[in-house]
Amino acid sequence: MSGDGKPSFLAGGRRYADESYFPDGCDDYAKFFYIDSLTQDSQGFIYIGSQWIRKVTPDGCVSTIRRDKKDPVYGLYEPFAFKKISDIVWASPNILYILSENKVYKLDLNARAAS
């Protein structure tokens, strides 16, 4: 929302049933199914919680935060997956606290491999 209360577009688009699902991208090429929670850090990055943790840059590029563990079949880094994220809180530089299934998880973004 702008200072005068008008909404503006940052990132996200629609996904249709017959499309391949590549969730990361910029502008309307990024895909979201739903958003349960979000927070913003002091650098302007927005962190979105749904089943995965997504990071949105100030210029509208979206990436899924992944862990340093490869999928054995596809060889891709796996995202941090949760059944449902109830809340996500930015606590300090590169630290996120995630509430999921009545548990609090601490995610240190510096401790993971680059995605």
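**Figure 1. Asp-24 and its partner Arg-54.** At a relative accessibility of 29%, Asp-24 counts as partly exposed in this predicted model. Its side chain meets that of Arg-54 in a salt bridge, with 3.4 Å from N to O. Arg-54 is buried, its relative accessible area being 3%. Side chains of opposite charge can pair when their charged atoms come close.

**Figure 2. A salt bridge between two loops.** Here the side chains of Lys-84 and Asp-36 meet, at 3.2 Å from N to O. Lys-84 lies in the loop between strand 7 (77-79) and strand 8, while Asp-36 lies in the loop between strand 1 and strand 2 (37-40), so the pair ties together parts that are 48 residues apart in sequence. Lys-84 is partly exposed, with a relative accessible area of 43%, and Asp-36 also counts as partly exposed, at 26%. A search of the whole structure finds 2 salt bridges.

**Figure 3. The largest nonpolar core.** This view takes you to a set of 12 residues. Among them are Phe-45, Tyr-47, Ile-53, Phe-80, Leu-96 and Leu-109. Strand 8 (85-92) and strand 9 (95-100) are the elements that give two or more residues to this core. A second, separate core has 6 residues, including Ala-30, Ile-46, Ile-48 and Val-62. In soluble globular proteins, nonpolar side chains tend to be buried together.

**Figure 4. Ile-53 and the residues around it.** Which residues does Ile-53 touch, leaving aside its neighbours within four places in sequence? Its contacts include Ile-65, Phe-80, Phe-82, Ile-85, Ile-88, Leu-96 and Ile-98, and also Ser-63 and Thr-64. Ile-48, a member of the second core, is in contact with Ile-53 as well.

**Figure 5. Ile-65, a loop residue in the core.** Ile-65 lies in the loop between strand 5 (61-64) and strand 6 (66-70), and it is one of the residues of the largest nonpolar core. Is Ile-65 buried or exposed? With a relative accessible area of 2%, Ile-65 is buried. The C-alpha atoms of Ile-65 and Glu-78 are 8.7 Å apart, and 13 residues separate the two along the chain.

**Figure 6. Stepping back to the whole chain.** The secondary structure comes to 10 strands and 0 helices. Of the 115 residues, 31% count as buried. The chain exposes about 7700 Å², and carbon and sulfur atoms supply 52% of that area.

Key. Residues are numbered from 1 along each chain as its sequence is written. This is a predicted model: local features need pLDDT of at least 70, side-chain atom pairs count only at pLDDT 80 or more; totals for chains, interfaces and linings use all residues. Side-chain values use heavy atoms; hydrogens and water are left out. Helices (H or I, at least four residues) and strands (E, at least two) are DSSP runs, numbered from the N terminus. Buried means under 20% relative accessible area, exposed over 50%, partly exposed in between (1.4 Å probe, protein chains only). Accessible areas come from the Shrake-Rupley method with a 1.4 Å probe; for residues, only the protein chains shown count as cover. A nonpolar core is a set of buried Ala, Val, Leu, Ile, Met, Phe, Trp, Tyr and Cys residues joined through side-chain atoms within 4.5 Å. Contact means heavy atoms within 4.5 Å. A salt bridge is a side-chain nitrogen of Lys or Arg within 4 Å of a carboxyl oxygen of Asp or Glu.
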